[in-house]
Amino acid sequence: MNVFVLNCGSSSLKFQIIETDADRIATDSDKQLAKGLIERIGSEAIVTFQVDDRPSLKHAAPLRDHKAALAHVIEWVLNPETKIPGIAGLDDIHAIGHRVVHGAERFTGSLLIDKDVLNGLQECVDLAPLHNPANLKGIYAATDLFGPKMPQVAVFDTAFHSTMPETAYLYGIPYQLYRRFKIRKYGFHGTSHRFIAFRYRKLANKTREETNIITVHLGNGCSACAIKEGRSVDTSMGMTPLEGLMMGTRSGDVDPTVIEFLMHKEGTSVEEVFSTLNKRSGLLGVSGLTNDMRDLQSEAEEHQDRRAILAIDMFCYRVKKYIGSYIAAMNGTDAICFAGGIGENSPQIRQDILSDLDWLGISVDGKRNAEAIRGKEMLISSDKSRVPVYVIPTNEELILARDTVRAVKSLPFPC
Ligand code: ADP
């Protein structure tokens, strides 16, 4: 099957076309045929397309909304000059897999989208007003452009964490608020944590029941996850992706009193304060420079910029604290696995996070750590480390494609 995997953000659209089926899943031989990214939808959009491992092509196009962006992608896919292997027409796309950020308590696994599911997704908008509307736009645009007969599947960021126990997911607020409004921790990046756990099992030759690990996804968004017997038992993001680790532009954990205090002091609205916490905090807010870890590291190295150094130190300190708390919560861990743009590419950040953990017996091998670069699964801990540490490049799109096949063909969903 050729699966069109779609990930719509508020002003972006990412896609991949992946050839996969039950046999390819079993033999790990799924094939990425094409991929692309459209940014700044709503104005002069920046479009990047790539077939196979041929060089990527970049251009600008005025794309007013997600439907126009998807139409632009389809036009490119069908252009005879594009030559995507095995794709001559729209009939060669057999299903669409959508990333959906929030599934609330209702959606605990991937499933085929029908009217009922669409209604349910609308209800989830309340909990994820920044994310789910864009996912819905992608679903509506795909229905219009691929036709109503095209099977479409929703894969939720929250689903993997639906196994968290009450003790982990409830907030210490009146229980009625959970009952009435479903205010609780949901967790995100679920497809990534699930993929990392799956790859760990392969690497370490363990069964799902033997998988007791901590996964740390560090990209623009960052989250950590405690995985016990193959299931998520705690994670750092909360009711929304704002809670937990410090991120590129998100604050992570703050005392909620800060919100009222800021509104009072600055005479601003609650929306304005949340905009600060979501878009102007984290690495960007502390450094006053950038949300990009690579640039921040250059500033710290070349100019010894005090606040760049501070932002990086705070970032690493938070991750270390979450790792420590999950080791306590699970009474130990069999491994720590890093993923995401920062987790996969920055030996320095991994080293800083895991420094001074010799009391726990964790030690990183400098050479192995330095050699772990994007795209490679690597063990980076030293032979004497009590806990093995891995870098495992994540692949959320692959999970999306595989779940789409499973939902369409009614196959079982291994965790
Ligand atoms: P997203 O969460 O949007 O998918 P990514 O997973 O691509 O983002 O992560 C983006 C982050 O990864 C940025 O902060 C970027 O600076 C960082 N990053 C990418 N490569 C490196 C590198 N070589 N060293 C340090 N940070 C890096």
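**Ground rules.** I am working on a predicted model, where local features need pLDDT of at least 70, side-chain atom pairs count only at pLDDT 80 or more, and totals for chains, interfaces and linings use all residues. Residues are numbered from 1 along each chain as its sequence is written, and side-chain values use heavy atoms, with hydrogens and water left out.

**Salt bridge count.** I took a salt bridge as a side-chain nitrogen of Lys or Arg within 4 Å of a carboxyl oxygen of Asp or Glu. That rule gave me 18 salt bridges.

**D28 and R199.** I found these two in a salt bridge, with the closest N and O atoms 3.3 Å apart. The pair links distant parts of the chain, 171 residues apart: D28 sits in the loop between α1 (22–27) and β3 (31–39), R199 in helix α7 (residues 190–204). For helices (H or I, at least four residues) and strands (E, at least two) I used DSSP runs, numbered from the N terminus. Next I checked burial: buried is under 20% relative accessible area, exposed over 50%, partly exposed in between (1.4 Å probe, protein chains only). D28 comes out partly exposed at 35%, while R199 is buried at 16%. I also noted that D28 and R199 belong to a network of salt bridges that links them with D30, K202, E377 and R402.

**R184 and E105.** Their side chains meet in a salt bridge at 2.8 Å, N to O. R184 is in the loop between α6 (175–181) and α7, and E105 is in the loop between β6 (95–100) and β7 (111–112), so this pair ties together parts 79 residues apart in sequence. R184 is buried, with a relative accessible area of 6%; E105 is partly exposed at 28%.

**D403 and R406.** Here I got a salt bridge with the closest N and O atoms 2.9 Å apart. Both residues lie in helix α16 (residues 396–408), three residues apart, about one turn of the helix. I logged both D403 and R406 as buried.

**Negative patch.** Last, I looked up a negative surface patch and found that E209, E210, E229 and D334 form it. Patch members have over 30% relative accessible area and no salt bridge, with like charges joined within 9 Å. I traced D334 to the loop between α12 (306–329) and β12 (335–339). D334 counts as partly exposed because its relative accessibility is 33%.

Notes
Patch = residues over 30% accessible without salt bridge, like charges linked within 9 Å, V, L, I, M, F, W, Y side chains within 5 Å. Areas by Shrake-Rupley, 256 points an atom, 1.4 Å probe, with all protein chains shown as cover. Lys, Arg positive; Asp, Glu negative; His and termini not counted. Charge placed at Lys NZ, Arg CZ, Asp CG, Glu CD.
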